[in-house]
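Subject: Structure handover

Hello,

Here is the structure I said I would pass on. My notes on it follow below.

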Amino acid sequence: MLHINTEKCTACGVCEGSCAFGAIAVQDDCAVVNDQCRLCGACVDNCPSGALSMEVAETRQQDDLTAYHGIMVFAECRHGVLAPVVHELLGIGRKLADQRGVSLSVVVLGHELDQYAPSLIASGADTVLLAQHEALLQFREDMYAGILTRIIRERKPEVVLAGATAIGRSVIPYVATLLGTGLTADCTGLSIREEDGMLLQTRPAFGGNIMATIECPNTRPQMATVRPKVMAPAEPDPGRKGEVVQVAVTAEEAVSASEVLESVKSEADQVNIQEMEALVAGGRGLGSERGFALLRELATELNAAVAASRAAVDSGWIPYPYQVGQTGKTVSPKLYIACGISGAVQHMVGMQSSKVIVAINRDADAPIFNVATYGLVGDLYEIVPELIKQLREAKK
Ligand SMILES: Cc1cc2nc3c(=O)[nH]c(=O)nc-3n(C[C@H](O)[C@H](O)[C@H](O)COP(=O)(O)OP(=O)(O)OC[C@H]3O[C@@H](n4cnc5c(N)ncnc54)[C@H](O)[C@@H]3O)c2cc1C
């Protein structure tokens, strides 16, 4: 935490000017910090009287770091389907394992899983660990976390990777807490430092304004969740050979404090914008919910789905599963058409790896044009109907 030495503070106000978050201010002749503080340390570096300091919490140093070996991927399998991010995790997992000269294992929890082993091996796994039990058919985080923790304790991988999906985000922090190790959530980049083999985990921080690279030097395993669609999926090699290991699940482990009464597929889940090859996205510039009716018409012509900026979602024009960006989904379709979206960094972080980006905006200086392959400056309510018309004519 940030510590203020009231005796040294001269109330000069330099800290106020150096804080990007409005978290520190001089009140009654002394600096006072509020709950907006992100512990970035800028005020500490700038304080001319040395009145500010950071108190670092005691770190835990594990003494058997070298006992940990290999990379492990948690493969999420739900309702009989492997999450697409699994093949992306295997792609990056294989690269990290080759760089470290270690093996890559993948662990799957569920029921009747044998059918998945060949594709996991083809995507780069050396060992497939199948923890099978009827109770694991339905995801319940306490049960999954307990079994996964036990497997990690037994196999001692140095790195554990999982998807930053709803399941990954709920079970992996649970596992990291049980293991007493660190976790970097929502990584967009992973690499190995040559000198010491440390996993370098990169993710956007401070509202996407900086990319932070995080290390976990004192405990093992090093754990990270990875945003779907950020890493390239592994190129499958059907000729690869690997080992399949059945991991026994005991009756005591196959219990949960929660009971699933029914699984209901929400309407919003039916379109996964991350799986689409083309997206037509709308932002605040649409002006109202009705703008999405126009975008849907364009999407239909292109065999695309609609997507949105957070401003459009926050306005209640479209549900959250359609949101693209830092706090929404990361997408990389072949075609991304941004209509009435300014191009805030938090939006662009979620779509800038799209192959072709078309931006429609009436402000020629909108930042979205910096990443656009094609930019159309003008009113979207004139340009989009014209596009629809021309597409329909071309189809005739
Ligand atoms: C921590 C954090 C996380 C965030 N996460 C996300 C996220 O995941 N996704 C996200 O999108 N945002 C996110 N944001 C919000 C982000 O900063 C922006 O506020 C948001 O992206 C703006 O949305 P917009 O571009 O639709 O709206 P605006 O910035 O208001 O832009 C609207 C644009 O429409 C144009 N326009 C208006 N009328 C027309 C018209 N008739 N024809 C053509 N163009 C027109 C305007 O010129 C303008 O450029 C986040 C912010 C924070 C702080």
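Which residues are closest to the ligand, and how many surround it? The ligand is surrounded by 29 residues, and the closest are Gly283, Gly285, Arg310, Ala311 and Gly325. Please keep in mind that this is a predicted model.

The shell around the ligand draws at least two residues from each of helix 8 (310-314), helix 9 (345-348), strand 20 (356-361) and helix 10 (380-395). Helix 8 gives the largest share, three residues. Sorted by class, the shell holds 15 polar, nine nonpolar and five charged residues.

Next, the domains. The domain assignment divides the chain into domain 1 (2-54), domain 2 (65-247) and domain 3 (271-395). Between the centres of domain 2 and domain 3, taken over C-alpha atoms, there are 32 Å. Contact between these two domains involves nine residues of domain 2 and nine residues of domain 3. On the side of domain 2 that touches domain 3, four residues are nonpolar, three are polar and two are charged.

Last, the nonpolar cores. The largest has 60 residues, and those touching the most other members are Ala75, Val106, Val107, Leu148 and Val226. Helix 5 (residues 141-155) supplies the largest share of this core, seven residues. Leaving out residues up to four places away in sequence, Val107 touches Met72, Phe74, Ala75, Leu129, Ala131, Leu148 and Ile151. There is also a second, separate core of 40 residues, with Tyr322, Tyr336, Ile357 and Ile368 among them.

Regards

Technical notes:
Residues are numbered from 1 along each chain as its sequence is written. This is a predicted model: local features need pLDDT of at least 70, side-chain atom pairs count only at pLDDT 80 or more; totals for chains, interfaces and linings use all residues. A residue is near a molecule or strand if its C-beta atom, placed from the backbone, lies within 6 Å of it. Helices (H or I, at least four residues) and strands (E, at least two) are DSSP runs, numbered from the N terminus. Ala, Val, Leu, Ile, Met, Phe, Trp, Tyr, Cys and Pro count as nonpolar, Asp, Glu, Lys and Arg as charged, and the others, Gly among them, as polar. A nonpolar core is a set of buried Ala, Val, Leu, Ile, Met, Phe, Trp, Tyr and Cys residues joined through C-beta atoms within 7 Å. A residue is buried if 20 or more other C-beta atoms lie within 10 Å of its own, exposed if 12 or fewer, and partly exposed in between; C-beta atoms are placed from the backbone. Two residues are in contact if their C-beta atoms, placed from the backbone, lie within 7 Å. Domain bounds come from an automatic or database domain assignment.
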